[in-house]
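Open the model in a viewer and keep the sequence to hand.

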Amino acid sequence: MKTVTLVFGAVYGMLSVILGAFGAHALKKILSVERLESFETGVRYQMYAAFFLLIIGYILKFETSSEKWTSIMMIAGTLLFSGSIYFLSLQDYLGANLKFLGPITPLGGLLMILSWGMLILYFAKNRI
């Protein structure tokens, strides 16, 4: 799980840079300001998640299920949160009604929050 966490952290970081550049250059010309700001929010939180995963990948030993779930919830939460924001931001350009993804965004955010909470509990329990 340690390797999986580190790989996802690195991939999320790399994709954040790629998508951020894509948004700043290509999407700036085709999206409304509001949609572009939403897209940038997805990129920003994906980068936060990348740092989180890289840090816990080095700190945690992944010996307990709670340590594993800390990683799993951040990985899944980021995919749901940022991924749904990306698609919702691009729905006009794609010519598709993707409003059904709206409820997915807060679900992803909740998983990310729970992951942070589990990390807090880990630190409190282990007094690091």
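What covers the buried residues of α2? Select α1 (2-25), α3 (65-94) and α4 (104-126) in this predicted model: the cover includes these three helices.

**Stop 1: helix α2**

Select residues 33-59, which form helix α2. Now show the side chains of the buried residues in α2: Leu36, Phe39, Gly42, Val43, Gln46, Ala49, Ala50, Phe52, Leu53, Ile56 and Gly57. Keep Leu53 and Ile56 displayed, as both are among the residues that serine 71 touches.

**Stop 2: serine 71**

Move to serine 71, in helix α3. Is this serine 71 buried or exposed? Serine 71 has a relative accessible area of 0%, under the 20% cut-off, and therefore counts as buried. Leaving aside residues up to four places away in sequence, serine 71 touches Met1, Thr5, Leu53, Ile56 and Phe62. Draw a distance between the side chains of serine 71 and threonine 5: a polar contact of 2.5 Å joins them.

**Stop 3: phenylalanine 62**

From serine 71, step to its contact Phe62. Phenylalanine 62 sits in the loop between α2 and α3. With a relative accessible area of 8%, phenylalanine 62 is buried as well. Check its backbone: phi of phenylalanine 62 is near 60°, a positive value in a residue other than glycine. Most residues other than glycine have a negative phi.

**Stop 4: the whole chain**

Zoom out and colour by secondary structure. The chain holds four helices and zero strands, in the order α-α-α-α along the sequence. Along the principal axes, its C-alpha atoms fill a box of roughly 50 × 25 × 20 Å. Of the 128 residues in the chain, 38% are buried.

Finally, colour the charged side chains: 10 are positive and 6 are negative, with the centres of the two sets 7 Å apart.

Conventions
Residues are numbered from 1 along each chain as its sequence is written. This is a predicted model: local features need pLDDT of at least 70, side-chain atom pairs count only at pLDDT 80 or more; totals for chains, interfaces and linings use all residues. Side-chain values use heavy atoms; hydrogens and water are left out. Helices (H or I, at least four residues) and strands (E, at least two) are DSSP runs, numbered from the N terminus. Buried means under 20% relative accessible area, exposed over 50%, partly exposed in between (1.4 Å probe, protein chains only). Lys and Arg count as positive and Asp and Glu as negative; His and the chain ends are not counted. The place of a charge is taken as NZ of Lys, CZ of Arg, CG of Asp or CD of Glu. The expected span of a helix is 1.5 Å times one less than its number of residues. Contact means heavy atoms within 4.5 Å. A polar contact is a pair of N or O atoms within 3.5 Å; within protein, one must be able to donate a hydrogen and the other to accept it, and residues adjacent in sequence count only if both atoms are side-chain atoms.
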